[in-house]
Amino acid sequence: AFPECFIRVAPPRRPRRARGLAPPRASSDDDAPSAAPAEPARADPADNVPSKAKGLGKGVNLFDPAATASRFITRRFGFTGGLVFVGLLASVEGREIVGALLERDSEGSGETVATPSGLTYTDARVGGGVAAKKGDFVGVHLLIEDLETGVVYLDTKANKKPIAFIFQKKPLLAPVCDGLEEAVSSMRRGGVRDVTMPARLAYGAAGAALANGLVVPPNRDIKMRVSIEDISPSYL
């Protein structure tokens with residue numbers, strides 16, 4: 001046996017790694033299986049709708065007859081033709097504006113006029129503006145009362161909702177009636193007229209359901225105050 005002082009303890013040997021092998025690495029998120037490639041977005045079929053793909057721009061009213069005519073002329077005769085139409089339209093509108101500024105209304109005579117149809121009216125104010133022609137857009141305020149009972153069926157001034165309609169266009173939709181159209185036919189813009197009409201010129205045997213929820217009963221004679229706020233010509 002060797003003395004204890006001569007015993008040499010060998011240090012622990014590091015394990016040898018096999019040649020050609022990469023050292024082991026700690027697992028991380030990078031080693032996770034890669035996600036499947038995202039599916040390409042599918043085109044919305046609505047994107048192919050012509051009205052969506054080729055818009056007409058903001059502020060274009062598809063139901064405006066002047067705008068419709070302008071688009072047609074531009075497609076048919078080119079951009080120059082469209083400019084000529086717009087110039088003519090501006091000229092007409094300019095004359096309308098100047099004419100409206102020069103309009104002078106006058107007080108009515110107070111005389112009661114009876115027409116062959118059975119309509120009677122009194123002018124509270126005679127308008128100095130244009131008269132309505134077939135197809136014109138007419139804006140009116142109406143006060144509709146029952147001639148016998150005095151019940152108010154409609155007051156557009158109180159509701160701040162004037163009525164607009166196309167003059168002499170059938171069918172007539174309440175509150176427009178034959179008596180109203182006859183009264184308007186001899187009025188001008190700015191005029192105010194108190195009209196009395198028999199039931200056959202008003203809403204007849206059927207009566208009428210109005211937009212405010214009230215109903216005019218059948219066979220009622222009507223008193224109506226008509227105030228023409230505006231008359232605009234049709235461009236087509």
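Here are some worked exercises on the structure shown above.

This is a predicted model, in which local features need pLDDT of at least 70, side-chain atom pairs count only at pLDDT 80 or more, and totals for chains, interfaces and linings use all residues. Residues are numbered from 1 along each chain as its sequence is written, and side-chain values use heavy atoms, with hydrogens and water left out.

**Exercise 1: the overall layout**

Task: Work out how many helices and strands the protein has, and in what pattern they follow along the sequence.

Solution: 
- Step 1. Count the elements, where helices (H or I, at least four residues) and strands (E, at least two) are DSSP runs numbered from the N terminus. The protein has four helices and ten strands.
- Step 2. Read along the sequence: the pattern is α-α-β-β-β-β-β-α-β-α-β-β-β-β.
- Step 3. Turn to burial, where buried means under 20% relative accessible area, exposed over 50%, and partly exposed in between (1.4 Å probe, protein chains only). Of the 236 residues in the protein, 27% are buried.
- Step 4. Look at contacts, meaning heavy atoms within 4.5 Å. Among contacts between residues at least 6 apart in sequence, 61% join residues at least 24 apart.

**Exercise 2: helix 4 and its cover**

Task: Find which residues of helix 4 are buried, and what covers them.

Solution: 
- Step 1. Helix 4 spans residues 178-185, and its buried residues are G179, L180, E181, A183 and V184.
- Step 2. The cover over these buried residues includes strand 4 (137-146), strand 6, strand 7 (192-197) and strand 10 (222-232).

**Exercise 3: an arginine in strand 7**

Task: Decide whether R193 is buried or exposed, and find what its side chain is joined to.

Solution: 
- Step 1. R193 counts as buried because its relative accessibility is 3%.
- Step 2. The side chains of R193 and S186 are joined by a polar contact of 2.7 Å. A polar contact is a pair of N or O atoms within 3.5 Å; within protein, one must be able to donate a hydrogen and the other to accept it, and residues adjacent in sequence count only if both atoms are side-chain atoms.
- Step 3. Leaving aside residues up to four places away in sequence, R193 touches Y121, T122, D123, A124, A183, S186, M187, M224, R225 and V226.

**Exercise 4: the largest pocket**

Task: Describe the volume and lining of the largest pocket.

Solution: 
- Step 1. Start with the term: on a 1 Å grid over the protein atoms alone, a pocket is an open set of points where a 1.4 Å probe fits, with protein on both sides within 12 Å along at least five of seven lines; lining residues have an atom within 4 Å of a point.
- Step 2. The volume is about 220 Å³, taken as the space filled by probe spheres set on the points, with grid points joined across faces, edges and corners.
- Step 3. The lining includes I163, F165, K169, P171 and E181. Strand 6 (residues 163-166) gives the most, with four residues.
- Step 4. By class, the lining has nine nonpolar, no polar and three charged residues. Here Ala, Val, Leu, Ile, Met, Phe, Trp, Tyr, Cys and Pro count as nonpolar, Asp, Glu, Lys and Arg as charged, and the others, Gly among them, as polar.
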